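Visitor: Could you walk me through how to read a few features here? I'd like the general idea each time, then the case itself.

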Amino acid sequence: MTVKAQARRPKVVKLVVTTEKVEKVVKAEMPSSLSHERICTAALQLIDQDGLAAFSTRKLGRVLGCEAMAIYWYYPSKEALLDAVVDQLMASVGKVVANREPSDWIAAMREVAHAYRRLAHDHPKAFPLLATRRFASVGTYGFLEQLFELARHHQIEDRVAARFYRVVSSYCNGFALNELAAPPEEAGAAALREKFPRVAAVSGWLEPRYLDEMFTFGLELQLAALARTTEATAR
């Protein structure tokens, strides 16, 4: 290559962007009103409105008036944000355990079950988040710690506490998800009931007005079994 050709060759300017510079840019673009609590609350409201499947950090950013990347400054991933939403939902259930006297393990389990089911009524579109995710956050572990500590206070073996926590929680999840399922089209259901008279007879007792009674019936069966198990263990 000649000297003249080298002179005509354009200069290459290297742009060095450090992590520190990126952080300064992100901070400058973040609304000053953002916080962990505000982001989490807005996420829950958005899920309540549009459903879990439609939720995205991009939509959440529009609600908050910021870019989606600004949210990741507070929560490192969408999964971490959803864990925070779970914590917020479970806070009301955790209060049931935190605020009661450690006098009755069975009564505590009963109150927890009813409080958990109320979440399905208060947040029907967000509830599947609870039913389909493992508890894996500081808030949910704190709730479980208090619940199992109460069991230990009553000298209930860890094996028994684990067994009935799993049974009762699975019952609550299944019952609540069943409640949230879309009802069948009335015209089609009416035609089927005419064809299957025994189904029609029993279906009358499956109407929503009986759900509270039915939930309590199933829960008390399990709690009675729990009481018998703990009594047998104590002997």
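Guide: Happy to. Helices (H or I, at least four residues) and strands (E, at least two) are DSSP runs, numbered from the N terminus. By that count, Thr230 lies in helix 13, residues 211–234. Residues are numbered from 1 along each chain as its sequence is written. This is a predicted model, where local features need pLDDT of at least 70 and side-chain atom pairs count only at pLDDT 80 or more, while totals for chains, interfaces and linings use all residues, and side-chain values use heavy atoms, leaving out hydrogens and water.

Visitor: Which residues is Thr230 in contact with, leaving aside its neighbours within four places in sequence?

Guide: Contact means heavy atoms within 4.5 Å. With those neighbours set aside, Thr230 touches Ile156 and Val160. Thr230 and Trp105 are 125 residues apart in sequence, and their C-alpha atoms are 10.0 Å apart in space.

Visitor: How do I read a pair of packed helices?

Guide: Two packed helices are described by the angle between their axes and the distance between the axes. Axes are lines fitted to C-alpha atoms, for helices over the stretch in contact, and angles run from 0 to 180 degrees between N-to-C directions. Here the axes of helix 3 (residues 36–50) and helix 6 (residues 78–98) come within 9 Å and cross at roughly 85 degrees. Helix 3 is therefore roughly perpendicular to helix 6 (65 to 115 degrees counts as such). Among the contact residues are Ile39 and Leu44 of helix 3, and Leu81 and Gln88 of helix 6.

Visitor: How many salt bridges does a search of the whole structure find?

Guide: A salt bridge is a side-chain nitrogen of Lys or Arg within 4 Å of a carboxyl oxygen of Asp or Glu. The search finds 8. Asp83 sits in helix 6 and Arg133 in the loop between helix 8 (127–132) and helix 9 (138–153), 50 residues apart.

Conventions
Angles under 35 degrees count as roughly parallel, over 145 as roughly antiparallel, 65 to 115 as roughly perpendicular and the rest as oblique.
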